[in-house]
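Reader: I have a structure open and have not seen it before. Can you walk me through it?

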Amino acid sequence: MSYALSLQAHVPHEGQLKVTRLQPTFGAEVEGLDLREPLTPELRDEVRALIVQHKVIFLRDQHITREQQLAFATQFGPPVIHPLQKLKETQRKEDLPQGMHTIVPPTAEYGHIPKRRTWHSDGSWTYPVAFASFLRGVEVPEVGGDTIWVDAGAIYRGLPDRLKARLEGLYVTHEYKELALSGISHPIVAHPAVINHSETGEDLLYVDFIMHPWIVGWDRADSEALLSEIYEEVLRPEYHLRLKWKKGTLAIWDNRSTLHTAIHDYGDYPRRVERVVVGSNDVPSRDPSKRFVLPA
Ligand SMILES: O=C(O)CCC(=O)C(=O)O
Ligand SMILES: [Fe+2]
């Protein structure tokens, strides 16, 4: 069976949008939108379908305010209010509209490579999980500070049968341990290690490597051994899509079908990107009888 693999950049698309594919299995640049204005319901649905189909889309030259970003994003779902944003001190310090997060890097030396695993899906620790993130380049260096996404469907399809069989039936924890440092008690959730996308049915690897994954019911060492093998697959460049940011670039991605990581290779440059994450009704589930529907 063939999957969504296309080596042609141009995606035939009716209407005002121009869609250009960026990688053979995922990622597209979408032109023809002006986010300063609300979308018509038809255009909103079209954009939503493009996010689900291409998993990650980039819109360039969207010089919008935080409020316009929030208004645009929340046409696709309710904003996920981060638990830390509910703390009064955070609100005073950041003065951001509810639902808007600033991503500022940890102080890093030039070339610093985090020693821990960084690939993740925003909002995998919520229940139901988040749908999409809308991240806008506000202050970005001319070179450096790229973001990389990985296609969770391509990873799964590329696994050897032996690993696919081992993952079947397993649940993995998504534990936001760091919240406890701020005195926030948050439940640990567990999702299947492989899920089917609720809209396309696609088989997807669903492990969030920053949320302290642990295979439910497994000995820690055994769990680590299997997750390390899986992590090796996540690192394969064949599955990656890399964005070079510009001021005004808006990246939008489906958190169910991708993982992502930021690259801290820009020293103390005051890079700033701002994000809205919107929710879904999705409780991820494994149902292999769901067929992957090929995009038109
Ligand atoms: O800083 C970035 O490029 C991405 C950070 C991130 O993980 C996010 O915005 O969800
Ligand atoms: Fe993220």
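Author: We can go from the whole chain to a sheet, then the ligand, then some backbone details. Keep in mind that this is a predicted model.

Reader: Fine. How many helices and strands does the chain come to?

Author: There are six helices and 15 strands.

Reader: What radius of gyration does the chain have, against that of a compact globule?

Author: The chain has 19 Å, and a compact globule with 296 residues would be near 19 Å, so the two agree. The C-alpha trace spans about 50 × 50 × 35 Å along its principal axes.

Reader: And what share of the residues is buried?

Author: Of the 296 residues, 36% count as buried. As for contacts with a separation of 6 or more, 78% are between residues 24 or more positions apart.

Reader: Now the open sheet of three strands. What is the order?

Author: The order is E12-E7-E14, and the pairing is antiparallel.

Reader: Which strands stand at the edges?

Author: E12 (240–243) and E14 (258–262) do; each has a single partner strand, so one side of each has no neighbour in the sheet. On average, neighbouring strands here are turned by 20° against each other, direction ignored.

Reader: How many bridges are there between E7 and E14?

Author: Five, with E7 covering residues 147–151. In one of the pairs, Val 150 has Leu 259 of E14 as its bridge partner.

Reader: Changing topic: which residues are around ligand 1?

Author: Ile 103, Asp 122, Ser 133, Leu 135, Thr 147, His 260, Ala 262, Val 273 and Arg 275. By class, that shell has four nonpolar, three polar and two charged residues.

Reader: Which strands each supply at least two of the shell residues?

Author: E6 (130–139), E14 and E15 (272–279) do.

Reader: Next, the backbone. Where is the cis peptide bond?

Author: It runs from Tyr 127 to Pro 128, with omega near 0°. Pro 128 is in the loop between E5 (100–103) and E6.

Reader: What is phi at Lys 55?

Author: About 75°, a positive value although Lys 55 is not a glycine. Lys 55 lies in the loop between H1 (41–54) and E4 (56–59).

Reader: Is Lys 55 buried or exposed?

Author: Lys 55 is buried: 32 other C-beta atoms lie within 10 Å, and the cut-off is 20 or more.

Reader: And what about His 212?

Author: His 212 has a positive phi near 50° and is not a glycine either. His 212 sits in the loop between E11 (203–205) and H6 (220–234). With 16 other C-beta atoms within 10 Å, His 212 is partly exposed.

Conventions. Residues are numbered from 1 along each chain as its sequence is written. Chains are lettered from A and ligands numbered from 1 in the order in which they are written. This is a predicted model: local features need pLDDT of at least 70, side-chain atom pairs count only at pLDDT 80 or more; totals for chains, interfaces and linings use all residues. Helices (H or I, at least four residues) and strands (E, at least two) are DSSP runs, numbered from the N terminus. The radius of gyration is taken over C-alpha atoms; the globule rule is 2.2 Å times the number of residues to the power 0.38. A residue is buried if 20 or more other C-beta atoms lie within 10 Å of its own, exposed if 12 or fewer, and partly exposed in between; C-beta atoms are placed from the backbone. Two residues are in contact if their C-beta atoms, placed from the backbone, lie within 7 Å. Two strands pair if DSSP finds at least two bridges between them. Axes are lines fitted to C-alpha atoms, for helices over the stretch in contact, and angles run from 0 to 180 degrees between N-to-C directions. A residue is near a molecule or strand if its C-beta atom, placed from the backbone, lies within 6 Å of it. Ala, Val, Leu, Ile, Met, Phe, Trp, Tyr, Cys and Pro count as nonpolar, Asp, Glu, Lys and Arg as charged, and the others, Gly among them, as polar.
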